[in-house]
Every structure is written in C-alpha cells, then in structure tokens.
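Subject: Structure for you to look at

Hello,

Here is the structure I said I would pass on. Please open it beside this email and follow along; my notes come after it.

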Amino acid sequence: MKTNFKQDMKKRILILFAVVIFLFGIDAFRILYLQVVRGDELSAKAESQQLLDTEVSAMRGTIYDDSGNILAQSATVWNIFIDPLNIKNEKDRTLIVDTLSKYLGFNAEEKKELLEKSKKENHYSVVGEKIENSVKEKIAKFSADNKFSNVIGMEQTTRRYYPYGDFASSVLGFVGDDNQGLSGIESYYDEELKGTNGRIITVKDSKGNKLPTDYETSLTRPFSITLKRI
C-alpha cells in the first residue's frame, strides 16, 4: 500500500512537472514569435502610439523686386488651442476663458463661444488662428505661470504680408488660407513658392495629450524669386 502511494505521488509529480514544462514552452514560443516574427510590426505600432505627428506649414518663399525690396513675405504666426478635458475645475475654466479672451481681443459673443469650447469632451479645440508672436508670448507666459501647459497649446503656422499694401496687387496676386497662390505671380510660381511642409514629432501620454518637449522638427526651406525689369 505504501509502495503504491509512493508510485502515485511520483506519477503526479511527473505529470505536474510535464504540465509546467509545457506551459513554459508555450510562453517561450509566444515570446519568440512576438520578438522575431512580429517584432518590427509591434515596435512600429508602439512607436506610433507614443508619438504625435503634426504637419507644419512651410514658410512660403519671398518675392523681391530687382532692387532687392521685399514685395511679398511670409512670417511665423501661431494657432492657439486648448485641451478642454484637462481643465480641472470651474475656477481654472473662468481664469483661462477670461485671460485668453483678453489677449485674443474677443468680444462678448466670441468669449461665449470660447466658454462653450472649453466644455467640450475632447482634447483639442482651436481658439485662435494666425496669432502674432507678441500675443503668443503673453499667452505662453500666462500658461507657464499658472501651470496650464497641459491645457493651452500653440501650433506654428504662417501668414503672408505685403509691405506695399495694394501696390501691384493685380500683378503679385494673393494667397488663400491654405497657403496656395490664387492669382498673379503668387499663383504662377505657386509650386516654387509654397515649399514643402515640415513635421513636428511630439511625445504624447496615454491619453493622447502632448508632452512639453518637441524633440524633432523638420521644415524644408522654400524657393524665393526676384522680379526683373524688362
């Protein structure tokens, strides 16, 4: 009886040991499969989940006359956006809406629209477009002073300027909001002047929010033209 009990125990231990080895074998095979067979695919997927790829409009090329005077030029401006879901309480919401409305020069109706945007259930809502750098700097300081970097953000874009106003506008033409030449020289040389858009690659958190540091920026330099007298 005692011998049979020992034999049964040995069999049970051997069976348990075999099951453990089998399970470890499955896990090892799974790890090998993920690392070797699907390694590149999973690595790319993980990277895409950690990075936010934002397109940056290229700085449109400058147009000069034959004396070197600038007839048309682009400059950096900024789009301001907010992350409504990161506004923690009504006190912060009121402070953000009041301050942004002041700096962006909003009237009562525009301020009301901003308040509604601050209550949306999303992580991205544009509140100001093509804002001059002087205003952007004030907003950036307000954001830093009040630790709103996860609520208020800025995106780089461009605006077209014509130093001589309407002078020769029929020849120079103009560009649309999408940085495309719509008439005159702006349209004729559009492919050369518009350049190639760049990208800003930003680390994001698990909720899709931008983290403070942009670690890679690429922007192709556009082509500029000089008008010659005939």
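**Aromatic pairs**

There are three aromatic pairs by the rule used here. One of them is formed by Tyr-188 and Tyr-189, whose ring centres are 5.0 Å apart and whose planes meet at 80 degrees, so this pair is edge-to-face. The cut-off behind that word is an angle over 60 degrees. Tyr-188 is exposed, with a relative accessible area of 68%, while Tyr-189 is partly exposed at 32%. Please keep in mind that the model is predicted.

Another ring has a charge over it: the charged end of Lys-136 sits over the ring of Trp-78, 4.3 Å from the ring centre.

**Strands**

Strand β3 covers residues 70-82 and runs antiparallel to β2 (residues 63-64), to which two bridges join it. Across this pairing, Ile-63 faces Ala-72 in β3. The hairpin of β2 and β3 has five residues between the strands, and in it Gly-68 takes a positive phi near 90 degrees.

β3 also pairs with β5 (residues 152-161), in the antiparallel sense and over ten bridges. Here Ser-74 stands opposite Arg-160 in β5. With β4 (residues 125-131), β3 makes four bridges, again antiparallel. Phe-81 is found opposite Val-126 in β4.

**Helix α3**

Helix α3 runs over residues 90-104, which is 15 residues. From its first C-alpha to its last it reaches 21 Å, close to the 21 Å expected at 1.5 Å a residue. At its start, a side-chain oxygen of Asn-89 comes to within 3.2 Å of the backbone nitrogen of Lys-91. After the helix comes Gly-105, with a positive phi near 70 degrees.

Which residues of α3 are buried? They are Asp-92, Arg-93, Ile-96, Val-97, Thr-99, Leu-100, Ser-101 and Leu-104. What covers these buried residues includes β3, α4 (108-117), β4, α5 and β5.

**Ser-143**

Ser-143 lies in helix α5, residues 133-145. Is Ser-143 buried or exposed? Its relative accessibility is 6%, and buried means under 20%, so Ser-143 counts as buried. Leaving aside neighbours within four places in sequence, Ser-143 is in contact with Phe-148, Ser-149 and Ile-152.

Regards

Conventions:
Residues numbered from 1 in each chain as written. Heavy atoms only, no water. Pairing = 2+ DSSP bridges. Phe/Tyr/Trp six-rings, centres within 6.5 Å; stacked < 30°, edge-to-face > 60°. Buried < 20%, exposed > 50% of the residue type's maximum accessible area, 1.4 Å probe, protein only. Lys NZ or Arg CZ within 6 Å of the ring centre and 35° of its normal. Contact = heavy atoms within 4.5 Å. Expected span 1.5 Å × (residues − 1). Polar contact = N/O pair within 3.5 Å; in protein donor to acceptor, adjacent residues only side chain to side chain.
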